[in-house]
Amino acid sequence: MLKQLFGFFAVLLSSPLMAQILVEDAHVRAMPPGVPNTAGYLQITSSEGDDQLLAARCEGVENTEMHTLLHEDGLTKMRPVAAIELPQGVAVILAQGGLHLMMMGLEATPEVGAQLSCELRFAKAPVQTVVFEVRDLKPSEHSHHHHH
Ligand SMILES: [Cu+2]
């Protein structure tokens with residue numbers, strides 16, 4: 001009986017070490033006053049096995065979704081995704097023009113230099129609190145090339 005209990009606790013204690021998440025370059029786009037939404041970007045690496053980002057909850061934000069961008073009929077559309085795959089050892093980049101955290105229902109205007117804290121939930125790794133820095137980013141439309 002005692003041996004079985006010890007075995008059980010050993011498994012519990014070792015499981016968080018199986019999934020290590022490294023977060024880099026977490027930032028949020030600064031918005032002018034009155035705009036209720038913004039986007040968060042970051043780089044995530046799962047070092048100890050495949051994982052998935054399942055959800056994000058951010059301070060002062062009513063609802064945070066994970067979105068991807070699709071190009072259809074010459075239009076760029078945002079679509080919610082249920083999970084973001086994190087293959088082991090691959091730095092998955094959420095950036096302008098692609099995957100992003102969609103922060104909807106801002107309580108306050110995100111001003112350059114301010115910080116916004118989010119809790120990230122993963123399929124395997126424990127919940128991680130990440131501090132996002134508000135930065136002045138150029139709109140992603142500027143990255144499109146127009147040929148005349
Ligand atoms: Cu979006």
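Which residues touch the most other members of the largest nonpolar core? The views below start from that question.

**View 1. The whole chain, a predicted model.** Residues are numbered from 1 along each chain as its sequence is written. In this predicted model, local features need pLDDT of at least 70 and side-chain atom pairs count only at pLDDT 80 or more, while totals for chains, interfaces and linings use all residues. From the N terminus, the order is α-β-β-β-β-β-β-β-β-β-β.

**View 2. The largest nonpolar core.** Leu 53, Ala 56, Cys 58, Leu 101, Leu 116 and Cys 118 touch the most other members among its 23 residues. Such a core is a set of buried Ala, Val, Leu, Ile, Met, Phe, Trp, Tyr and Cys residues joined through C-beta atoms within 7 Å. Elements giving it two or more residues include strand 2 (37-46), strand 3 (51-58) and strand 8 (100-106).

View 3. Gly 40 sits in strand 2 and counts as buried because it has 24 C-beta neighbours inside 10 Å (buried needs 20 or more other C-beta atoms within 10 Å, placed from the backbone). Its C-alpha atom is 4.8 Å from that of Leu 101, 61 residues apart along the chain. Beyond four places in sequence, Gly 40 is in contact with Leu 101, Cys 118 and Phe 132, among others (contact means C-beta atoms, placed from the backbone, within 7 Å).

**View 4. Residues 142-148.** Here pLDDT (the predictor's confidence in each residue, from 0 to 100) stays under 50.

How values were computed
Buried ≥ 20, exposed ≤ 12 C-beta atoms within 10 Å, placed from the backbone. Helix = DSSP H or I, 4+ residues; strand = E, 2+ residues; numbered from the N terminus. Contact = placed C-beta atoms within 7 Å.
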